[in-house]
4 protein chains.
Amino acid sequence: MSSEAIRAQWLAEEAEIRARLGAPGVVTLEQLRALTGLEFFERIGNGELPSVPIGVALDFIPVEWKKGRVVFQGTPKKAYYNPLGSVHGGYAATLLDSCLGCAVHSTLPKGAGYTTVELKVNYIRPLMADTGPVRAEGKVVSAGRKIGIAEGRIHDTAGKLYAFATTTCLIFPL
Amino acid sequence: MSSEAIRAQWLAEEAEIRARLGAPGVVTLEQLRALTGLEFFERIGNGELPSVPIGVALDFIPVEWKKGRVVFQGTPKKAYYNPLGSVHGGYAATLLDSCLGCAVHSTLPKGAGYTTVELKVNYIRPLMADTGPVRAEGKVVSAGRKIGIAEGRIHDTAGKLYAFATTTCLIFPL
Amino acid sequence: MSSEAIRAQWLAEEAEIRARLGAPGVVTLEQLRALTGLEFFERIGNGELPSVPIGVALDFIPVEWKKGRVVFQGTPKKAYYNPLGSVHGGYAATLLDSCLGCAVHSTLPKGAGYTTVELKVNYIRPLMADTGPVRAEGKVVSAGRKIGIAEGRIHDTAGKLYAFATTTCLIFPL
Amino acid sequence: MSSEAIRAQWLAEEAEIRARLGAPGVVTLEQLRALTGLEFFERIGNGELPSVPIGVALDFIPVEWKKGRVVFQGTPKKAYYNPLGSVHGGYAATLLDSCLGCAVHSTLPKGAGYTTVELKVNYIRPLMADTGPVRAEGKVVSAGRKIGIAEGRIHDTAGKLYAFATTTCLIFPL
């Protein structure tokens with residue numbers, strides 16, 4: 001598929017998912033405890049659970065979730081620029097922290113929670129207001145009983161790589 | 001000073017700085033090239049250069065800048081929450097990327113630019129909507145001809161540590 | 001193939017390569033400058049250039065090299081233990097630093113050099129004296145004009161993952 | 001003090017400590033469980049517990065330990081070189097992993113153990129065979145109930161900085 005065709009598809013998928021998302025909010029510990037990681041993403045994706053506040057603030061959404069792999073999509077804008085004329089590194093870090101943490105979460109059974117203890121991001125090329133939609137794709141490298149490790153990449157519709165990241169998550173009983 | 005007194009002081013300093021900041025925008029390469037790192041922050045701080053778009057999007061500002069040390073301040077809000085009920089890790093990463101990159105920038109002479117090639121963040125405790133104002137303080141560890149390294153910490157008015165980060169920046173002629 | 005069959009094959013490959021390696025030493029800048037990254041590994045592998053001093057000190061060797069992917073092999077021993085009864089983390093870091101830096105080097109043309117500016121290692125499970133031979137496999141994630149990024153993994157003959165790492169290298173004209 | 005005076009002092013301290021160290025070996029879980037982190041280092045330092053195998057392999061020793069700060073000393077040698085003519089990055093990573101993990105260990109009470117989950121090293125300048133003795137100094141940044149974070153630096157007798165590192169350790173009951 002051409003970059004333009006992929007772009008049209010990504011934007012169509014985004015519109016379809018956005019139509020189902022709930023109002024922003026947070027879940028209770030009871031709600032969290034009762035769901036596997038994948039069930040949790042399903043409920044957010046179909047609007048049964050609230051959508052994510054930071055996703056509203058920086059305008060990005062989850063677009064794919066399966067065990068060990070979660071993808072977010074956003075579109076870089078001038079509103080996220082640093083003073084030097086490209087998107088601030090915090091934007092890529094936010095998308096990557098989302099897809100990496102969720103990739104680890106997607107492997108968890110009911111009753112298990114996680115928290116990100118460490119995130120490392122490599123910045124490869126600048127995101128610009130004309131980059132178009134990008135996807136942050138997180139994949140689990142290792143899911144242990146206490147520690148989960150994931151890696152992720154941000155790429156555009158042409159497959160160009162913008163950032164690469166790895167994370168370490170602590171897993172614990174909720 | 002008590003945490004409350006520090007809080008009052010931080011908020012007063014923020015109000016004073018905000019009153020001077022310009023409208024958000026980016027600088028031109030010519031403007032950047034003509035200024036040392038410190039002069040660049042001075043011009044942003046006194047409104048001669050535009051304020052930073054991402055700082056508007058996530059509501060944080062620079063509050064201190066000297067050679068080798070730059071501090072940003074923001075106040076965590078529910079609008080930046082992850083679904084699990086605390087501020088998303090991307091918020092801390094954004095503040096830390098700002099103070100770390102700027103700490104390296106603050107050491108640069110006229111005609112030198114930089115880009116962040118790598119950022120690592122350790123998350124120590126969650127930022128919450130009732131945490132109050134926090135400061136992200138970046139300090140240079142090593143400033144070479146080609147590579148700058150900095151470390152930074154986010155702490156609140158009681159001195160509690162929330163996140164710790166290190167960065168690697170590439171330095172080059174503009 | 002069974003883990004035992006792979007082990008036999010790895011040890012046979014190691015013996016074959018060791019038979020060709022030269023005495024330990026370093027190369028001159030002139031030698032380095034005259035070779036592409038891959039030619040450099042070829043010359044080390046066939047004994048025309050000296051073998052690597054640290055590889056003698058910690059008993060590991062290169063076993064595969066092609067553009068963008070380099071593999072080292074070693075066998076954990078009690079001599080590399082920490083006081084807590086498993087192989088010290090520095091051993092895995094050394095093998096990973098080797099395969100990651102060499103993966104970046106393997107993409108370089110004549111006249112280009114590199115230096116590692118940053119290495120991050122995730123430790124997944126302990127290496128023990130009875131783990132048997134392990135391979136550290138480095139793969140390039142991104143090779144730019146100035147910065148190369150690679151990721152690597154240490155695994156045993158059963159495919160079990162012991163450590164995961166990423167690196168940032170600075171590339172420059174020699 | 002001049003660099004030469006510091007060098008003489010460091011080498012004298014090293015000789016004094018080496019005279020007390022035991023033969024290399026590992027401790028049992030029972031021994032480990034019965035000691036606080038600091039008591040553990042005391043016992044290694046006075047030869048009641050074995051010295052550290054990897055320290056023998058790469059010729060470095062602990063020289064200072066107190067709560068939250070542990071220092072190792074070693075002297076770079078040609079035997080640890082990479083093929084490019086400087087000490088391999090694995091040497092610095094090994095010293096830093098030692099001082100960082102031990103800095104976290106030094107804060108632990110009886111019955112608590114730790115394992116390093118992640119180590120990041122920034123390489124600032126090359127260690128050479130004529131660098132002389134160097135110290136790797138690890139300091140705790142944060143010691144929680146489950147996670148310990150430390151930072152460390154390698155410097156020579158002139159105070160020159162060679163490498164900078166941070167680590168994340170998982171803390172657990174033994």
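How many bridges join β4(A) to strand β5 of chain A? There are 9, and the two strands run antiparallel. This is a predicted model.

Strand β4(A) spans residues 134–143, and β5(A) covers residues 147–156. A hairpin of 3 residues links β4(A) to β5(A).

Strand β3 of chain A, residues 112–123, is joined to β3(B) by 5 bridges. These two strands run antiparallel. Look for A:Leu119, which stands opposite B:Val121 in β3(B).

Now take in the whole interface between chains A and B. On each side, 35 residues take part: 35 of chain B are in contact with 35 of chain A. The two chains bury about 2700 Å² between them. Carbon and sulfur atoms account for 66% of that area. Three residues of chain B stand out: B:Pro83, B:Leu84 and B:His88. They supply 21% of the area that chain B buries against chain A, more than any other three residues.

Which elements of chain B give two or more residues to this side? They are α3 (37–45), α4 (53–57), α5 (89–105) and β3 (112–123). The largest share, 9 residues, comes from β3(B). By class, the side of chain B that touches chain A divides into 21 nonpolar, 10 polar and 4 charged residues.

How many salt bridges lie between chain B and chain A? The count is 0. Polar contacts are another matter: 13 residue pairs are in polar contact across this interface, both residues at pLDDT 80 or more.

Next, the symmetry. A rotation of 180° superposes chain B on chain A, with 0.0 Å of shift along the axis and an RMSD of 0.0 Å. The two copies are thus related as by a two-fold rotation axis. In chain B, the C-alpha nearest the axis belongs to B:Lys120, at 2.0 Å.

Chain B has another partner, chain D. Here 14 residues of chain B are in contact with 14 residues of chain D. The buried area is about 1100 Å², and carbon and sulfur atoms give 59% of it. In chain B, the residues that lose the most area to chain D are B:Lys120, B:Val141 and B:Ile149. Together they make up 37% of what that side buries.

What is the salt-bridge count between chain B and chain D? It is 4. One salt bridge to look at joins B:Arg153 and D:Glu151, with the closest N and O atoms 3.5 Å apart. There are also 8 residue pairs in polar contact between chain B and chain D, both residues at pLDDT 80 or more.

On the side of chain B that touches chain D, β3, β4 (134–143), β5 (147–156) and β6 (161–173) each supply at least two residues. Strand β6(B) gives the largest share, 5 residues. By class, this side has 5 nonpolar, 5 polar and 4 charged residues.

Finish with the salt bridges of the structure as a whole. Over all chains, the structure holds 52. One of them pairs the side chains of A:Lys120 and C:Glu118, at 2.6 Å from N to O. This pair crosses between chains, from strand β3 of chain A to strand β3 (residues 112–123) of chain C.

Definitions and conventions:
Residues are numbered from 1 along each chain as its sequence is written. Chains are lettered from A and ligands numbered from 1 in the order in which they are written. This is a predicted model: local features need pLDDT of at least 70, side-chain atom pairs count only at pLDDT 80 or more; totals for chains, interfaces and linings use all residues. Side-chain values use heavy atoms; hydrogens and water are left out. Contact means heavy atoms within 4.5 Å. Buried area is the accessible area (1.4 Å probe) that two parts lose on being put together, summed over both. A polar contact is a pair of N or O atoms within 3.5 Å; within protein, one must be able to donate a hydrogen and the other to accept it, and residues adjacent in sequence count only if both atoms are side-chain atoms. Helices (H or I, at least four residues) and strands (E, at least two) are DSSP runs, numbered from the N terminus. Ala, Val, Leu, Ile, Met, Phe, Trp, Tyr, Cys and Pro count as nonpolar, Asp, Glu, Lys and Arg as charged, and the others, Gly among them, as polar. Two strands pair if DSSP finds at least two bridges between them. Copies are superposed by least squares on the C-alpha atoms of residues with pLDDT of at least 70 in both.
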